[in-house]
Amino acid sequence: EVPLWPEGSQVLLEGIHKLANEKFPITHPSFFLYSPRVNATGSAVLVFPGGGYKAVAIGPQSTIGLYGADVCKWLTDAGITCILVKYRVPNTGCNWNRETRRHDTPDIPMALQDAQRAMSIVRYNAKQYKINPHKIGVMGFSAGGNLAVLSSTAFKKRAYDPIDRMDQVSLRPDFAIPVYPGHLTMEHKNKTPKEIAAQELNTDITISAQIPPTLLIHAKDDPIDPVHYSQVYERELK
């Protein structure tokens with residue numbers, strides 16, 4: 001398990017202060033590194049679990065396995081290094097506020113900060129981790145899928161001030177695999193009417209020609225993250 005931020009760093013301290021009054025927060029983000037035992041390809045994937053930006057779903061009942069073990073075994077069996085990112089929560093990305101019954105976007109995007117920092121650490125230490133620095137992608141599920149989209153579109157500018165040499169490397173993933181990604185439309189900016197908002201891409205997402213190759217995976221009958229989220233993003237990518 002690798003911590004993302006040095007103890008005493010401004011980004012870490014700001015997060016601890018911001019999350020001080022939350023129940024069960026993750027204040028010290030990290031990643032778990034799973035390396036392939038055989039047939040290593042040099043490729044790597046940063047995996048962002050789901051949880052609605054309220055939690056990080058890597059407990060015993062997680063659909064991707066405890067600490068992402070199942071999805072990481074799937075990757076490592078294919079010779080791909082898996083980096084399971086335990087990012088800060090709650091309310092560190094676009095999320096549903098049950099009290100106001102509205103979607104909130106945080107002033108400080110701590111989840112994106114953590115995703116970008118994880119990419120920096122992995123790419124900077126690529127040789128040590130036996131990874132090709134030009135074959136590092138991102139993958140995420142639900143809220144984690146949203147984080148994979150943000151990571152692969154908001155790579156031109158860091159969401160935090162650089163703190164060391166690791167923050168000098170490129171943030172751009174070499175590919176992205178958002179799996180039933182959430183929070184992708186203007187419904188999540190509380191725009192009305194919802195029928196129109198549902199067909200407009202969330203303005204948090206910046207489309208450019210530099211977005212890496214992207215594989216979208218989404219069930220047509222998903223009751224939580226409707227398939228039109230991915231369809232709208234697909235349309236904008238094209």
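What follows is a list of things to select, with a note on what you'll find at each stop.

**Before you start**

This is a predicted model, so keep in mind that local features need pLDDT of at least 70 and side-chain atom pairs count only at pLDDT 80 or more, while totals for chains, interfaces and linings use all residues. Residues are numbered from 1 along each chain as its sequence is written, and side-chain values use heavy atoms, with hydrogens and water left out.

**Stop 1: the sheet**

Switch to cartoon view and look for the strands. Helices (H or I, at least four residues) and strands (E, at least two) are DSSP runs here, numbered from the N terminus. An open sheet is built from 6 strands, in the order E1-E2-E4-E3-E7-E8, with mixed pairing. Two strands pair if DSSP finds at least two bridges between them.

Which strands stand at the edges? Select 2-3 for E1 and 176-179 for E8: each has a single partner strand, so one side of each is left without a neighbour in the sheet.

Click on Val2 and then on Phe31, its bridge partner in E2.

**Stop 2: helices on the sheet**

Select 69-77. That's helix H2, lying across E2, E3 (44-48), E4 (81-86) and E7 (136-141), and running at about 155° to E4. Axes are lines fitted to C-alpha atoms, for helices over the stretch in contact, and angles run from 0 to 180 degrees between N-to-C directions.

Then pick 143-151, helix H4, which packs on the sheet and touches E3, E7 and E8. The direction of H4 makes about 150° with that of E7.

**Stop 3: the two sides of H2**

Go back to H2 and show its side chains. Which residues of H2 are buried? They are Val71, Cys72, Leu75 and Thr76. Buried means under 20% relative accessible area, exposed over 50%, and partly exposed in between (1.4 Å probe, protein chains only).

Turn the view until you look down the axis of H2: the buried residues fall within an arc of 130°, so they line one face of the helix. (The arc is that of the directions from the helix axis to the C-beta atoms.) A handy rule: an α-helix has 3.6 residues a turn, so residues three or four places apart point the same way.

The buried residues of H2 pack against E2, E3, E4 and E7. On the face turned away from them, find the exposed residues Lys73, Trp74 and Asp77.

**Stop 4**

Cys72 is in helix H2 and Cys82 in strand E4, 10 residues apart. At -40° about the S-S bond, the link is left-handed. Cys72 is buried at 1% relative accessibility, and Cys82 is buried at 0%.

**Stop 5: salt bridges**

Time to colour by charge. A salt bridge is a side-chain nitrogen of Lys or Arg within 4 Å of a carboxyl oxygen of Asp or Glu, and the whole structure has 11.

- Select Lys86 and Glu1, whose side chains meet at 3.3 Å, N to O. Lys86 lies in strand E4 and Glu1 in the segment before E1, so the pair ties together parts 85 residues apart in sequence. Lys86 is buried at 18%, whereas Glu1 is exposed at 59%.
- Select Arg88 and Asp114, 2.9 Å apart, N to O. Both are buried.
- Select Glu200 and Lys191, with their closest N and O atoms 2.6 Å apart. Glu200 is partly exposed at 25%, and Lys191 is partly exposed at 33%.

**Stop 6: Arg117**

Finish with Arg117, in helix H3. Is Arg117 buried or exposed? Buried, with a relative accessible area of 2%. Arg117 belongs to a salt-bridge network with Arg158, Asp164 and Asp167.

Beyond its neighbours within four places in sequence, Arg117 has contacts (heavy atoms within 4.5 Å) that include Leu4, Pro6, Tyr160 and Met166. Trp5 is another contact of Arg117: the two are 112 residues apart in sequence and 7.9 Å apart in space, C-alpha to C-alpha.

Note on methods:
Disulfide = S-S within 2.5 Å.
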